Amino acid sequence: MNFDIFSLHPAVLKGAQSAGYIVPTPIQEKAIPHVMKGSDVMGLAQTGTGKTAAFILPILHGLINAPRDGIGALIIAPTRELVDQIHQDIKMLGGKTSLRSTVVYGGVGINPQIQALKHTDILVACPGRLLDHINRQTVDLSKVKTLVLDEADQMFDMGFLPDIRRILTRMPQKNRQTLLFSATMPKEIRRLANDVLQNPVTLEIGAGGPAKTVSHAWFPVASHLKTALLIKIIGHSCKGSVLVFTRTKFRAKSLGDKLAKAGYPSTSLQGNLSQARRQAALNGFRSGEYQILVATDIAARGIDVSKVSHVINYDIPSTPEAYIHRIGRTGRAECTGEAFTLITQEDALMAKAIRGIIGSSVEQRRLTGFNYDAPMASSTGEKIHSQQRRARY
Ligand code: AMP
């Protein structure tokens, strides 16, 4: 099966071809015909399944011959990085059309956005800044024919649901097509879906489980040895790009610095950075300038960096769903990947919950040659610290 089967407009088909897409992924195969027909869709899809193109291609197809009288499609996504990425995908897939796309999110000046909003066919936005534009009356959503709520569960986690409901009141209620994508279906998202979707087609891809292309391993370790073990694991097992997750912004920054000092090209991505620095970190990781990106969960969703060979949970995620999202950053588009998790005694309960969702036993690994019994004061982390001190003087 190839993309011809959908009878997409030739310019849109060319976009898919120039992106190198030959065979549609399962979510594309299932969703594209329904979206082209104008049905509402609820897509329960894992990350990395190709769901972005599953909505972008039919949206481009629908808009290409429609009157250009304002914003015809609105895509709402939780993070700036994801919004940028969707926008890049639209530019790539819509490169052979004359349709225009623009982005709206916080952390950058509002005036250029106000100008760009006057001349766009597709808007990709984060909820907070979009609401800001609505309140300033600098955006007109009255012509939106298709609304996409992407990564809806993360928008809920981030507290965006009230904003989304407010945005919805400013949009056409009739004759609007709504597509809602979520990797998991907490009850609040089901309720939102019931409220906003009309006779939706429900599509489940992977049923919310982890990608099959990812293998999992756990590394039990004492808390004070985590950094030392991580450095060993990276040296021992990781030749490609590595995404490391921490629980807090502070830990992301400090671990990124430690890895850099240990000699690895590393950077960190967390919410305290300016938009420009977030983008620079992500671009550097994408280009291979940095082998390692240490991130908080802000980077866990949707971010598409091809060829991430390893995701390492330095800190165990706070929910099993967050585990799925984090590890969804590797094993993308049918490539294989490995997900490592450092497990301390305090993590036992969460580890059990995650094992439940993975649905199989997880290999427990011990690294030979690593001193698991090193006392706190003489841990490798401390040694690194004293080496740094020596280097300074
Ligand atoms: P997504 O789940 O939308 O973030 O997509 C994951 C990755 O798969 C991205 O790198 C896409 O460019 C890629 N992709 C999407 N659809 C296809 C396809 N039909 N063939 C090959 N790669 C694809």
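Predicted model: local features only at pLDDT ≥ 70, side-chain atom pairs only at ≥ 80, totals over all residues.
Me: What is the order of the strands in the open sheet?
Reply: The order is 10-11-9-12-13-8-14, seven strands with parallel pairing.

Me: Why are strand 10 and strand 14 said to stand at the edges?
Reply: Strand 10 (266–269) and strand 14 (363–364) each have a single partner strand, so each is left with one side that has no neighbour in the sheet.

Me: Which helix packs on the sheet by touching strand 9, strand 10 and strand 11?
Reply: That's helix 11 (residues 249–261), whose direction makes about 160 degrees with that of strand 11. Helix 12 (residues 275–287) lies across strand 9, strand 10, strand 11 and strand 12 (308–313), at about 135 degrees to strand 10.

Me: How do you know that helix 13 meets helix 14?
Reply: Contact takes heavy atoms within 4.5 Å. On that basis Pro320, Tyr323 and Ile324 in helix 13 meet Met350, Ala353, Ile354, Ile357 and Ile358 in helix 14. The contact residues divide into eight nonpolar, no polar and no charged.

Me: What is the crossing of helix 13 and helix 14 like, left-handed or right-handed?
Reply: Helix 13 passes helix 14 in a right-handed crossing. Their axes come within 9 Å and cross at roughly 65 degrees.

Terms used
Residues numbered from 1 in each chain as written. Heavy atoms only, no water. Axes fitted to C-alpha atoms, helices over the stretch in contact; angles between N-to-C directions. Helix = DSSP H or I, 4+ residues; strand = E, 2+ residues; numbered from the N terminus. Left-handed = near helix turned anticlockwise from the far one by under 90°. Nonpolar A, V, L, I, M, F, W, Y, C, P; charged D, E, K, R; others polar. Pairing = 2+ DSSP bridges.
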